Amino acid sequence: MFPLRIDGLRFAPEGRVVLDELDLVLPGEGISVILGPNGTGKTVLLRLLAGLLPAHGGSILWGDAPQPAGRLAMVFQQPMLLRMSVFANVEFALRPQAMTSAERRARTIEVLERVGLAYRARDSARLLSGGERQRLALARAWAMRPRLLLLDEPTASLDPSATEAVERIIREIRTEGAKVLMTTHNLGQATRLADDIIFLAEGRVQEHEPAQRFFAHPQSPAARAFMQGELPWRIAFDH
C-alpha cells in the first residue's frame, strides 16, 4: 500500500482548476499534515484518495497497485454519524469485516474505552457534544484498524480541552501503526502532531519537508506568506 505515489493529479470540475498536476510521495508511517490557504485543494486531495471524487487526470499508486491493499478510513470536519446509539455507530462499521458478533462487540467496547466514551455506549449519538461526536467518529475509524487514516480538520470547531483529547487519540492511532494524513489550519496543532508538512498552494505541492525544518525555514514565498498571515505576530525566518 505504501509508498503512496501521486503523479500529475488533476481535479478541475467544470474547468475550474483545483489540483493542477499535483505530485506527492508519502511513506507508510508517521503523521503528515497538509497546510495551505483556503480553496487550495486540501480537502479535495483527501476525498480523491478516499475514492469519494473522480480525478480528472494523473495517477495514484498504492505501492505498485492502482488500489489500496489495506483499509483506509476518513473522518470529516463535521462527523457523519448514524442516528443510532454510540455503540451501534462503531459496531455497524465493523459488519462488512470477517468477524463474529462477539468479536465485533469486543472491539467496539475496546475502542470506546480508549476514546473515553464507553460510559455513553447506550446513548444516542445525537446527544453527544461536538468533541464527543468527533471522538466517536475517530473510534469508528480506529475500530476498522485502517492502514491509512484521513482526517479533514478534525478539531476545527472544538474548544481546547476537546482538541487535546482528539490529538491524544490521533497520536495513539499513529503509534499502533496507521499512517495519518490530515488537514488543519491550526499551526499550533501542526507543530504538535506533524512528522512532516505538505504545503499546498495554487493546486500543487509547494513544499514537503520534515515539520521542524518547515516551520524554521519555509522555502517557498507562498509558505512564508501563509505563515505570516496565519500567526497573530510577525516572525522572521532564518536565511
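Trainee: What makes Val33 a residue in contact with Ile197 in this predicted model?

Mentor: Contact requires heavy atoms within 4.5 Å. Val33 meets that criterion with Ile197, as do Leu35, Ala190, Glu207, His208, Glu209, Ala211, Phe214 and Phe215, with neighbours within four places in sequence left aside.

Trainee: To which nonpolar core does Ile197 belong?

Mentor: Ile197 is part of the largest nonpolar core, which has 49 residues. Ile197 is listed there among the residues with the most contacts inside the core, together with Leu35, Leu112, Leu136, Leu149 and Phe215. Helix α4, residues 130–143, gives the most to this core, with 7 residues. A second, separate core has 26 residues, including Ile6, Phe11, Ile60 and Ile198.

Trainee: Which residues form a cluster through ring pairs?

Mentor: Phe199, Phe214, Phe215 and Phe226 are linked in this way. The whole structure contains 3 aromatic pairs, and rings count as a pair if their centres lie within 6.5 Å.

Trainee: Why is Glu167 called buried?

Mentor: Buried means under 20% relative accessible area. Glu167 has 3% relative accessibility, and therefore counts as buried.

Trainee: Where does Glu167 lie, and what does its side chain meet?

Mentor: Glu167 lies in helix α5. Its side chain makes a polar contact with the side chain of Arg192 at 2.7 Å, where the cut-off for such a pair of N or O atoms is 3.5 Å. Not counting residues up to four places away in sequence, Glu167 touches Gln189, Arg192 and Leu193.

Trainee: How do you know that the length of helix α5 agrees with its number of residues?

Mentor: At 1.5 Å a residue, the 16 residues of α5, residues 160–175, should span 22 Å. The end C-alpha atoms are 22 Å apart, so the two values agree.

Trainee: What puts the buried residues of α5 on the same side?

Mentor: The buried residues are Ala162, Thr163, Val166, Glu167, Ile169, Ile170 and Ile173. They cover an arc of only 160 degrees around the axis, and therefore lie on the same side of α5. On the other side, Pro160, Ser161, Glu164 and Thr175 are exposed.

Trainee: Against which elements do the buried residues of α5 pack?

Mentor: They pack against β3 (31–35), α4, β6 (148–152), β7 (179–183) and α6 (187–193).

Trainee: What is found at the start of α5 and just after it?

Mentor: At the start, a side-chain oxygen of Asp159 reaches to within 3.2 Å of the backbone nitrogen of Ser161. Just after α5, Gly177 takes a positive phi of about 110 degrees.

Technical notes:
Residues numbered from 1 in each chain as written. Predicted model: local features only at pLDDT ≥ 70, side-chain atom pairs only at ≥ 80, totals over all residues. Heavy atoms only, no water. Phe/Tyr/Trp six-rings, centres within 6.5 Å; stacked < 30°, edge-to-face > 60°. Core = buried A, V, L, I, M, F, W, Y, C linked by side-chain atoms within 4.5 Å. Buried < 20%, exposed > 50% of the residue type's maximum accessible area, 1.4 Å probe, protein only. Helix = DSSP H or I, 4+ residues; strand = E, 2+ residues; numbered from the N terminus. Expected span 1.5 Å × (residues − 1). Arc of directions from axis to C-beta. Polar contact = N/O pair within 3.5 Å; in protein donor to acceptor, adjacent residues only side chain to side chain.
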